[in-house]
Amino acid sequence: MTDTPTGTTTGEKAADKSGGGTAQAAISDFGIDTTSRSTGEALRDYVARVRGGELGSLPALLGLVVLLVVFSSLSDNFLTLGNIANLLAQGAGKTVIAMGLVFVLLLGEIDLSAGTASGVAASVMALHLVKSGNLLGGMGSTVFYLFCGIIALAIVLAAWMRLWIGVALSAVALLIALIGLPANPWTEMLLALCVGTAIGCVTGFLVAKVRIPSFVVTLALFLAWGGVILQFIGQGGTLGLRDDTLFKVANGNLNTAASWGLFVIAAGGYAAVVLSRHFTRLRKGLVAQPTAMVAAKVAVVVVLSAVVTYLLTLNRSHSDLVKISGVPYVVPIVLVLLVIGTFVLDRTRYGRHIYAVGGNQEAARRAGIDVPKIRMSVFVICSSVAALGAIIYSSKVGSVDPNAGGGNTLLYAVGAAVIGGTSLFGGKGRVSNAVIGGAVLATIDNGLGLLKQPAAVVFVITGLVLLLAASVDALSRRRAAVASR
Amino acid sequence: MSEPILELRGINKSFGPVHVLHDVDFTVRAGEVTALVGDNGAGKSTLVKCIAGIYPTDSGEVLFNGEQTHIHGPKEASNLGIEVVYQDLALCDNLDIVQNMFLGRERGRAGLLDESDMEQAARKTLTSLSVRTVKSVRTPVASLSGGQRQTVAIAKAVLWDSKVVLLDEPTAALGVAQTRQVLDLVRRLAEQGLGVVLISHNMNDVFEVADRIATLYLGRMAAELPTKDVTHSQVVELITAGRSGDLGIARPENAVV
């Protein structure tokens, strides 16, 4: 393992002086690659990057630690097993919506309608369950045919943009609605997902092809979908989700064996992927982190997840009559989405193109990337994933009311993504940001609730945290711009 | 003198009533740097865009490697091995050097990326150009200096086995030391056997790296001469007046005869 390349410098040394002050830390004088750096050097590099404004999830992780310490010292109930499990389920719905929003934010766009769009998906799902699959009867014929018309429109628009996945999923939604399949929790969940996709096709088309600013399109749709939910459910009504499977999505737990099985698959899989990738890179002589750092990172993740799994498999019931234990279902659900999202963004051509369009649209266009299609597709992903979030939050409360996805849902989701380190200016962000940010917001919500704070205080504090995160984003961006000069 | 790799004969191009290029002949030779100079509005950019396939030509013929071809679009130009490095570089700040170099042409199967292959290829290209000023090919472009960005943009153009590289004002926004780096790089491209076209306003740069100087004057090719046969002031006269002594476009009174 070679360390810093020794400076057999020629004229380049003088040449690089003009590179400027801060850039010097990142770019040394000589040598195209150092293959592998020593641990100390890598740490110094990391510190230099953080000082240069590349904060990533660091502020959110630190904030999470501070919040955990503060709340556990102020409230005796906060660090109880029951509350931790509850916190996970409470935050999961909005976190999932945030994961979809990351894709939109990566292009520097915004989807303000993700919350109410998820509400539409939830209300269609609930309606299908309550009316035993008879959507026509549940909605009334005029509304039903309008609903089918909009989904058909979504299919046409997606086909126009050659977004075949959008076509396929929207078509499934149309089929389920028209055929009138009997109520079945899996059909309902699929229907919710597909309705989300259809909504995303419409939003994405308006932004990418008609070229209305996404802020306006989604603000308009935010209001419109709110009305649609009200129409589906009825003023003051509530649709109960009386189904065991749907109830268990957010309230059920894996049994002890399955919990440990999840641990082995998730932690083991993570370790295997990270380590095999690291050693492949080393073998091929590519840029790699120091082995010690990689090993430390893997060890921390494995140990932490082992501890959490162990704690969650203990009995957390308050009464002696029932036993509640095991990892909540929402954990594997969020993990699977996290893995898929990260894989798509990091390892596929499509993900690379998303970053490129977010970084420099003109450069992406000249490189031959179909920019409108990419822009449309992120809205499709956002709404589809938001529909999955809707399944989770509806399951948590066990019913869908006209406020589903309204109120602060969307702002929580945007907040989660931004607090986790996704830039509002586009080009920077990861799906894991949404999970970390979602954990921060869920902790604030839960902790302040336990401290018996009124909703007013919760809203104000959540708003301030979002503002703080957005300021950190803007300031670090400025700092990065200065560092590169 | 080497064989011409790209030859343009009698190119005409009009935008509506404006006749921008008049019967322009232009030759690019492998292993040589051809400087394309001319005042603002002389038609340099239009000529480059015609070569790159962005504008169709009205008349005239294009010979690539001695064979007649037609360039109908940017894709066809890059298929022939013609790459253009535009003034605004078109790099994504948030991506690293490897990702930028392969943007839009990522390697890998079934939509998945083959990072190691791309990283090795990028490093090989940068090494072959003796680029030594970037520490790691995984450095994000945002943290590179202007000269380094230019280097990446040029390396990106070279990556595709290109035969001809057109550089639009590569040193315009650079400091002295960075200009030095880029000019060295331009020279190395030619040494590797590529045909290089350098558009520049800076006579010092032109005289330093160019083997031949082609001067456009109001859409006409005033002169295309070896650098060693002309002086600094002659080229400036060619640029500003279209002629210099016996060189350049003939005086109207002589032309009539």
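Q: How many salt bridges are counted between chain B and chain A?
A: The count is two salt bridges, the term being used for a side-chain nitrogen of Lys or Arg within 4 Å of a carboxyl oxygen of Asp or Glu. This is a predicted model, in which local features need pLDDT of at least 70 and side-chain atom pairs count only at pLDDT 80 or more, while totals for chains, interfaces and linings use all residues. Side-chain values use heavy atoms, with hydrogens and water left out.

Q: What makes A:R352 and B:E115 a salt bridge?
A: The closest N and O atoms of A:R352 and B:E115 are 2.6 Å apart, and the pair therefore meets the definition.

Q: How much area do chain B and chain A bury between them?
A: They bury about 3600 Å², 53% of it on carbon and sulfur atoms, where buried area is the accessible area (1.4 Å probe) that two parts lose on being put together, summed over both. In chain B, the residues losing the most area to chain A are B:R123, B:R132 and B:K135, together 21% of what that side buries.

Q: Why is α9(A) called oblique to α10(A)?
A: Helix α9 (residues 164-179) of chain A and helix α10 (residues 185-208) of chain A pack at about 125°, their axes 8 Å apart. Angles under 35 degrees count as roughly parallel, over 145 as roughly antiparallel and 65 to 115 as roughly perpendicular, with the rest oblique, and therefore α9(A) is oblique to α10(A).

Notes:
Residues are numbered from 1 along each chain as its sequence is written. Chains are lettered from A and ligands numbered from 1 in the order in which they are written. Axes are lines fitted to C-alpha atoms, for helices over the stretch in contact, and angles run from 0 to 180 degrees between N-to-C directions. Helices (H or I, at least four residues) and strands (E, at least two) are DSSP runs, numbered from the N terminus.
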